[in-house]
Amino acid sequence: MIDALQTAFTGMARATDRLGAAAQTIASAGAPVSGTTLEPAAQVDLSGAAVELLGAKSAFALNAAVARTADRMTGQLLDINA
């Protein structure tokens with residue numbers, strides 16, 4: 001059970017990192033930085049970043065479901081042994 005929880009938490013951390021990277025890509029598209037501008041929004045893959053946001057959201061939700069299931073199974077095992 002512990003391995004399932006560790007795997008789920010690692011997956012949630014990676015999904016959070018993916019979400020942050022995609023959000024940064026979207027937020028920085030065309031934003032001024034020190035008197036210069038970043039790539040124009042037309043050259044930034046905003047649709048790819050949006051897809052990455054959705055993928056990260058799904059990955060986080062699925063890993064959270066694994067963590068909930070592992071928690072429930074651990075609780076049931078403890079109830080059986082008690």
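Glu52 is partly exposed, because its relative accessible area of 30% falls between the limits for buried (under 20%) and exposed (over 50%), computed with a 1.4 Å probe on protein chains only. The model is predicted, with local features requiring pLDDT of at least 70 and side-chain atom pairs counted only at pLDDT 80 or more, while totals for chains, interfaces and linings use all residues. Residues are numbered from 1 along each chain as its sequence is written, and side-chain values use heavy atoms, with hydrogens and water left out.

The side chain of Glu52 forms a salt bridge with that of Arg18, at an N to O distance of 2.5 Å. This pair joins distant parts of the chain, with Glu52 in helix H2 (residues 46-81) and Arg18 in helix H1, 34 residues apart. Arg18 is likewise partly exposed, at 33% relative accessibility. The total is one salt bridge, the criterion being a side-chain nitrogen of Lys or Arg within 4 Å of a carboxyl oxygen of Asp or Glu.

The secondary structure consists of two helices and two strands, in the order α-β-β-α from the N terminus. Helices (H or I, at least four residues) and strands (E, at least two) are taken as DSSP runs and numbered from the N terminus. Helix H1 has 26 residues and its end C-alpha atoms are 37 Å apart, which agrees with the 38 Å that it should span at 1.5 Å a residue. Helix H2, with 36 residues, reaches 53 Å from its first C-alpha to its last, close to the expected 52 Å. The expected span is 1.5 Å times one less than the number of residues in the helix.

Of the 82 residues of the protein, 17% count as buried. In H1 the buried residues are Leu5, Ala8, Gly11, Met12, Ala15 and Ala22, and they pack against H2. In H2 the buried residues are Ala49, Ala56, Asn63, Ala64, Ala67 and Ala70, and what covers them includes H1.

The largest nonpolar core has six residues, namely Leu5, Ala8, Met12, Ala64, Ala67 and Ala70. Such a core is a set of buried Ala, Val, Leu, Ile, Met, Phe, Trp, Tyr and Cys residues joined through side-chain atoms within 4.5 Å. H1 and H2 each supply at least two residues of this core. In soluble globular proteins, nonpolar side chains tend to be buried together. A contact requires heavy atoms within 4.5 Å. Across the protein, residues 24 or more positions apart account for 73% of the contacts with a separation of 6 or more.

Asp3 lies in helix H1 (residues 2-27) and counts as exposed at 59% relative accessibility. Val51, in helix H2, is exposed with a relative accessible area of 56%. Val51 and Ala22 are 29 residues apart in sequence, and their C-alpha atoms are 8.8 Å apart in space.

The accessible surface of the protein comes to about 5,800 Å², of which 63% belongs to carbon and sulfur atoms. Accessible areas come from the Shrake-Rupley method with a 1.4 Å probe, and for residues only the protein chains shown count as cover.
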